[in-house]
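Q: Could you walk me through this structure? I have not seen it before.

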Amino acid sequence: MYETEPVSVSLTENRWNDDDAARWERDAGAEPADRDLALRIYTSRLIGGDPDLVLHGGGNTSVKTRRGTSGEVMHVKGSGWDLATIEAPGLPALHLDAIRSGGRAGALSDPEMVALLRANLLDAQSPNPSLETLLHGFLPAKFVDHSHATAVLALVNQPDAAEICGVVYGDRLAVVPYVMPGFDLSIAAAEIADANPEAEGLWLVNHGLFTFGETARQSYDRMIEFVNMAERHLASHGIAILPTDEGPQEHRFIDLLKERLQAAGPVFADAIAIDARTGPTIRTFHEHPDLADLATRGTVTPDHVIRVKPFPLLLKSTDSAEAIDRALKNYGTRYEAYFRAGEAQAKEPKTMLDCLPRVAHIENVGMVGFGKTAGEAKIVADLTSQSMRVMLAAESYGRFTPLTPGHLFDMEYWSLEQAKLKK
Ligand SMILES: [Zn+2]
């Protein structure tokens, strides 16, 4: 199953710079908590600045420190902030003991968890802390970093993802089987971390990687080292992660698709933006012999489903307007079946979102992301671009095995994720 010819590895770069780090600390002043926060911002931006680590608000980071009369606090990424451009207000502080004891007191519903976090903010004006705040809080390490690195996603989305972790990392990473993000994942991950006190991070099946450290540098160094180990492991199996295609694409077919999407329902009737791309990696993906299956198996992280829907639309450049309409109708039927199956398992009633795709793969043309705004279309296209690279690497390694439709439904219809989109 595995190829063995060596391939050249392009490794994710460690971009730590002593002078830059020293400047961040110096500019923060004398207060130790401010200096901790400054380094937290610095390495958060290093992670956020690399699209092969996180994309568009993905991932999160935290630091635990002491702040004057407030005692032990934790700064954690606020909802709506992007690690690439994060600033101090994007890392709100919480009373650490209070969220730890409140989070351990018993099972919390989503609104109860958000209320616990909000009630323990030092500054009531802060944005909502990340939905992973309790997970960060339960972990004992001072610095905690979380990413969705491309190479890691190719390996966590394998049927034997847990065994792969042991082979590549030994005991350095502890395996967390897939659990829905939020309260349940916080508890599960905390228990696993407690049982593996020597672990330097967590390997989240179907999701990504956490690293810990006593300094900002140690946690960041471990993140890059572990990502590099995943990259080398893929290379040792003859697998190179293909480069990202940046080439924009204009094509008569895309104009036709845009028109048919606007006619298909109210979502895009008033406004539609398109981000269409082409290039060698996209062509390789479209020429995959199992494209129809591979492309629609599921998303590469739980978060992605919110932006790209559980599966894309597949078209051919020769399709007529009628054929596109038919494909959109079939997409809606498939999406509704996914919704009905998920709804039947859900604990509370759900309202179906629109049944139109956000991504189209068009044979001989390219990949297209759509949204109501250019910004939305770009996010969709960027996430899809990374997903294609993950899927190709994962499928060459073994079998790309993402979250089940039921898990995707739970994320897409999670009240807290729905709230993020409305912002
Ligand atoms: Zn994540």
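This is a predicted model: local features need pLDDT of at least 70, side-chain atom pairs count only at pLDDT 80 or more; totals for chains, interfaces and linings use all residues.

A: Residues are numbered from 1 along each chain as its sequence is written.

Q: How many helices and strands does the protein have?
A: The protein has 17 helices and 11 strands. Both are DSSP runs numbered from the N terminus: helices are H or I with at least four residues, and strands are E with at least two.

Q: What are the spans of the C-alpha trace along its principal axes?
A: They are about 70 × 50 × 40 Å. The radius of gyration is 22 Å, which agrees with the value near 22 Å for a compact globule of 423 residues. That radius is taken over C-alpha atoms, and the globule rule is 2.2 Å times the number of residues to the power 0.38.

Q: And what percentage of the residues is buried?
A: Buried residues make up 48% of the 423. A residue is buried if 20 or more other C-beta atoms lie within 10 Å of its own, exposed if 12 or fewer, and partly exposed in between, with C-beta atoms placed from the backbone.

Q: Which domains are assigned?
A: The domain assignment gives domain 1 (18-236) and domain 2 (252-422); such bounds come from an automatic or database assignment. Their C-alpha centres lie 28 Å apart.

Q: How many residues of each domain are in contact with the other?
A: 23 residues of domain 1 are in contact with 25 residues of domain 2, where contact means that the C-beta atoms, placed from the backbone, lie within 7 Å. On the side of domain 1 that touches domain 2, α4 (110-119) and α6 (150-156) are the elements that give two or more residues. The largest share, three residues, comes from α6.

Q: Changing topic, what is the strand order in the sheet of seven strands?
A: This open sheet runs β3-β2-β1-β4-β7-β6-β5, with mixed pairing. Two strands pair if DSSP finds at least two bridges between them. β3 (93-95) and β5 (173-176) stand at the edges with a single partner strand each, so one side of each has no neighbour in the sheet. Neighbouring strands are turned by 20° against each other on average, direction ignored.

Q: Which strands does helix α3 touch there?
A: Helix α3 (residues 96-104) packs on the sheet and touches β1 (60-67), β2 (71-76) and β3, and its direction makes about 65° with that of β3. Axes are lines fitted to C-alpha atoms, for helices over the stretch in contact, and angles run from 0 to 180 degrees between N-to-C directions.

Q: How do β6 and β7 pair?
A: Strands β6 (residues 201-204) and β7 (residues 208-213) pair in the antiparallel sense over four bridges. Leu202 stands opposite Phe210 in β7.

Q: What is the order in the sheet of four strands?
A: The order is β8-β11-β10-β9, again in an open sheet with mixed pairing. Its edge strands are β8 (273-277) and β9 (313-316). Within it, β10 (residues 359-363) and β11 (residues 366-371) pair in the antiparallel sense over four bridges, and the bridge partner of Ile362 is Gly366 in β11.

Q: Lastly, how many residues of helix α16 are buried?
A: Six of the eight residues of α16 (residues 405-412) are buried, namely His407, Leu408, Phe409, Asp410, Met411 and Glu412.

Technical notes
Two residues are in contact if their C-beta atoms, placed from the backbone, lie within 7 Å.
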